[in-house]
Amino acid sequence: MSFDFTTKAVFVMGGTSGINLGIAQGFASAGARVAVASRSQDKVDAAVASLGPNALGFSVDVRDADAVADVLAKAKAAFDQPIDVLISGAAGNFPAAAKDLSANGFKAVVDIDLQGTYNVMKGAYPHLARPGCIINISAPQAYVPMALQAHVCAAKAGVDMITRTLAMEWGPEGIRVNSLVPGPIAGTEGMARLAPTPELMSMVEGSVPLKRNGSPEDLANAALFLASPLASYISGVVLPVDGGWSLAGVSYAMDNIAKLLGSPR
Ligand code: NAP
Ligand code: COA
């Protein structure tokens, strides 16, 4: 099925690599004008080049609320129209036992994933189209406790509650807010950090009911659907795109990863 997003403006925070870049590419292929943003100017430049001549790019740290708001205002001005679709997917992750994690290590992830998501949504609010659509990129850690992931579990659970809360606050203005929850997505930085060997990757794959790891395109397809008129009555939803992984496989897989990475469990 193909979607038509010509005339639409899409902003993807954290859209310069991995899953979020895949989502940006999905919208660009559907005809949208796309802007991506992240910290590294090199990654921004490479992503913009891959997205085509109409793409925009901004270098910004999602933890800097004023800078994020400024970038969103600049994107709207450059689009010369309000932002129809906002994707918030910047995140940081590393495996660490809570007993060994410093206060600043915990804070770094909460600041990027949770405070950053709030900064993006708040900064975008004056520049969003009505009707408009926000998609936050969550993770299974939001609802499945995982060893070595206390910082990520706390941050992503918060992301999903912001999704639900602002779906209520902003719904009356025609702004839909949903979360997408990727399962294990092959070839990404996130999986490289959590399953750093081929053995771990195939063990994770074996725990997915559909027996394959996902691709950024799987997430792009779900994002296109959620942003399309077909989803015009869907808001406040946390949608796994994970081959059924969160039904049973996550705990199994993560327990084994934790053992192999040296957790005390
Ligand atoms: P990734 O390639 O590392 O993507 C993270 C993006 O966020 C990059 O563009 C990165 O670019 C940007 N970023 C990081 N810190 C930032 C900051 N402080 N300010 C602005 N931008 C920042 O990772 P990924 O694995 O594709 O993950 C993408 C999303 O999917 C994340 O939200 C992650 O939690 C979620 N997820 C991934 C998986 C998976 O299997 N990979 C599973 C579940 C959920 P810069 O370095 O240039 O800043
Ligand atoms: N284990 C334990 N603590 C770690 C860690 C690890 N592997 N990596 C970083 N930390 C701690 C640091 O020691 C520091 O705490 P300290 O000041 O008490 O020493 C704190 O986290 C912040 O580290 P810093 O390197 O200054 O943070 P940063 O803002 O430059 O980078 C990260 C943020 C740490 C999340 C970094 O991994 C990152 O930029 N990630 C983005 C890409 C990514 O994670 N992609 C996957 C998305 S799912």
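Biologist: Which helices each supply at least two residues of the shell around ligand 1?
Modeller: This is a predicted model, in which local features need pLDDT of at least 70, side-chain atom pairs count only at pLDDT 80 or more, and totals for chains, interfaces and linings use all residues. Residues are numbered from 1 along each chain as its sequence is written, chains are lettered from A and ligands numbered from 1 in the order in which they are written, and side-chain values use heavy atoms, with hydrogens and water left out. Helices are DSSP runs of H or I with at least four residues, numbered from the N terminus. On that basis, the helices that each supply at least two residues are α1 (18-29) and α6 (189-194).

Biologist: How do the residues of the shell around ligand 1 divide by class, and which of them come nearest?
Modeller: A residue is near a molecule if one of its heavy atoms lies within 4 Å of it. Ala, Val, Leu, Ile, Met, Phe, Trp, Tyr, Cys and Pro count as nonpolar, Asp, Glu, Lys and Arg as charged, and the others, Gly among them, as polar. The shell has 13 nonpolar, 12 polar and 6 charged residues. Of the 31 residues around ligand 1, those that come nearest are T16, S17, S38, R39 and T188.

Biologist: How much of the accessible area of ligand 1 does the protein cover?
Modeller: A polar contact is a pair of N or O atoms within 3.5 Å. Backbone N or O atoms of G89 and I185 each lie 2.9 Å from an oxygen atom of ligand 1, and one of V62 lies 2.8 Å from a nitrogen atom of ligand 1. Accessible areas come from the Shrake-Rupley method with a 1.4 Å probe. Of the 880 Å² that ligand 1 has on its own, the protein covers 90%.

Biologist: Which helix gives the most to the shell around ligand 2?
Modeller: The shell around ligand 2 divides into 5 nonpolar, 6 polar and 4 charged residues. Of the 15 residues around ligand 2, R63, N93, S102, N104 and R193 come nearest. Both α4 (103-124) and α6 supply at least two residues of this shell. With 4 residues, the helix that gives the most is α4.

Technical notes
Polar contact = N/O pair within 3.5 Å; in protein donor to acceptor, adjacent residues only side chain to side chain.
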